[in-house]
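Biologist: Before we discuss contacts between side chains, could you put the model up, so that I can ask what lies behind each label?

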Amino acid sequence: MQLLHTARNTAAGKRHGYAAIRSYEAYKAAVPAVSYADIRPDVMRMVAGERDVLWPGRCRRFAQSSGTSDGKSKFIPVTDHSLRLNHYLGARDVVAHYLHLYPESRLFSGKAFILGGSFANELADVPRGVTVGDLSANLIDAMNPMANLLRVPSKRVALMADWNEKLPALIDAAVGQDITNISGVPSWFLTLLRKAIERCGAASVHDIWPNLEVFFHGGISFEPYREQYARITGPARMRYLETYNASEGFFAVQDLREPGSMLLLLDAGVFYEFVPLDQSGESYPDAVPAWEVEQGRTYALLITAPNGLWRYAIGDTVRIESADPLRIRIAGRTRSFINAFGEELMVHNADRGIAEASAATGAQVLNYTAAPVFATEHNRGRHQWLIEWAREPESIPAFAEALDTALQRVNSDYQAKRSGTIFLDPPSVTTAPPGLFDRWLASTGKLGGQRKVPRLSNDRAIIDSMLGFMQ
């Protein structure tokens, strides 16, 4: 009701009659669920400088993000309200939960090493006074200057656009500092930490930063990287806390010592709705609010937030791990899955399978993506996995077999389709040359600390493009 009242005189508020809405049921009936494609025209009006479109006033910051169905970037409004009520409040909550779990922490005895993006973007004519770039770049740029006393690198280095120059500059900025905590995307930070270890001739990151105690991570699943981090850190000295921090908002934080679920932030300016998966994409789905979710069920997530996103489908699916308190696990993307043969393979299944296959074969996976190989007259369908290794297994077929076994164990639909190899052949694994994922992302103009190749695709557009890029 606070969000509706604040935005009642905006174009969106007048269009849908926010002033007259008095209940959740009325809101659900009056306002359609939308994707980014639906609101793109309104957002571009905001980028051009128009006031009172989706949120009161003029928005001067936009977070560029990939992953839309039409292949273009998204430009998510970052309003003053969303910074204050959501993004920065979420960051404070992360620290608060960590200190609650580990009251003996010496977090503030040193500095935070934060890996951010830049203001590089694909818009040709950005109006004066408007900034467009990665969410992290916007957060760093808008941060209270006093916070810079507690973090590295400097704003100049943090916002550098060229990653070939930025990576060594980040290491230069951090080596010699007393780093107690790091924050970023696991895949990108792994590359940076390995380069720092190589630069310093160290055995582990603790030889460089003796007081490093925690990695606040998000953006992608940590499971495929857990073993690799264990190899470059002291497992007894290093802790990990997962966050759910997207361009659209800061939504959840791990509040227990054991990984696996995150506490949904219900007091951070965002109203959540949960859509049954079979109604995902509908304009008026039979969504339920937070107080009606069912434990163990997976939903597509809708948000209403102080950045002007109204009943907005962020493209993520979440599994309800606990209804009270409301804890979730990110299950995957509504568009990032494989269901070409009725197997309903989700990203959390794939991450678990990759982690178990890696442990079984001694492999280390740096990046992966998978897609169906469709059946022909003479062959059954299968899944093809394109994998870039940090350490290649001795036997690729053995890894593929271990992956297949793990996926059957964690996904009953996949297991049924693989039963007796009647409907679905075993998966195949293709080795990607070193750096392929980064080079392919760079070729699309989407290389950066918050950009990533989708883990799973229900068609072959991405994997075929990458295979072609290899050749």
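## Labels and the values behind them

Modeller: In this predicted model, ring pairs join Phe113, Phe189, Trp209, Phe215, Phe222, Tyr229 and Tyr240 into a cluster.

Biologist: Why is the pair of Phe215 and Tyr240 called edge-to-face?

Modeller: The planes of Phe215 and Tyr240 stand at 70 degrees to each other, with 6.5 Å centre to centre; because an angle over 60 degrees counts as edge-to-face, the pair of Phe215 and Tyr240 receives that label. Phe215 belongs to strand E7 and Tyr240 to strand E8, 25 residues apart, and the pair thus links distant parts of the chain.

Biologist: How do you know whether Tyr240 is buried or exposed?

Modeller: The relative accessibility of Tyr240 is 18%, and since buried means under 20%, Tyr240 counts as buried. Phe215, at 0%, is buried too.

Biologist: What makes the contact of Arg239 and Glu213 a salt bridge?

Modeller: Their side chains meet at 3.4 Å, N to O, and because the limit is within 4 Å, the contact of Arg239 and Glu213 qualifies as a salt bridge. Arg239 lies in strand E8, whereas Glu213 sits in the loop between helix H10 and E7, 26 residues apart.

Terms used. Residues are numbered from 1 along each chain as its sequence is written. This is a predicted model: local features need pLDDT of at least 70, side-chain atom pairs count only at pLDDT 80 or more; totals for chains, interfaces and linings use all residues. Side-chain values use heavy atoms; hydrogens and water are left out. Rings of Phe, Tyr and Trp (its six-membered ring) pair if their centres lie within 6.5 Å; planes under 30 degrees apart count as stacked, over 60 as edge-to-face and the rest as tilted. Helices (H or I, at least four residues) and strands (E, at least two) are DSSP runs, numbered from the N terminus. Buried means under 20% relative accessible area, exposed over 50%, partly exposed in between (1.4 Å probe, protein chains only).
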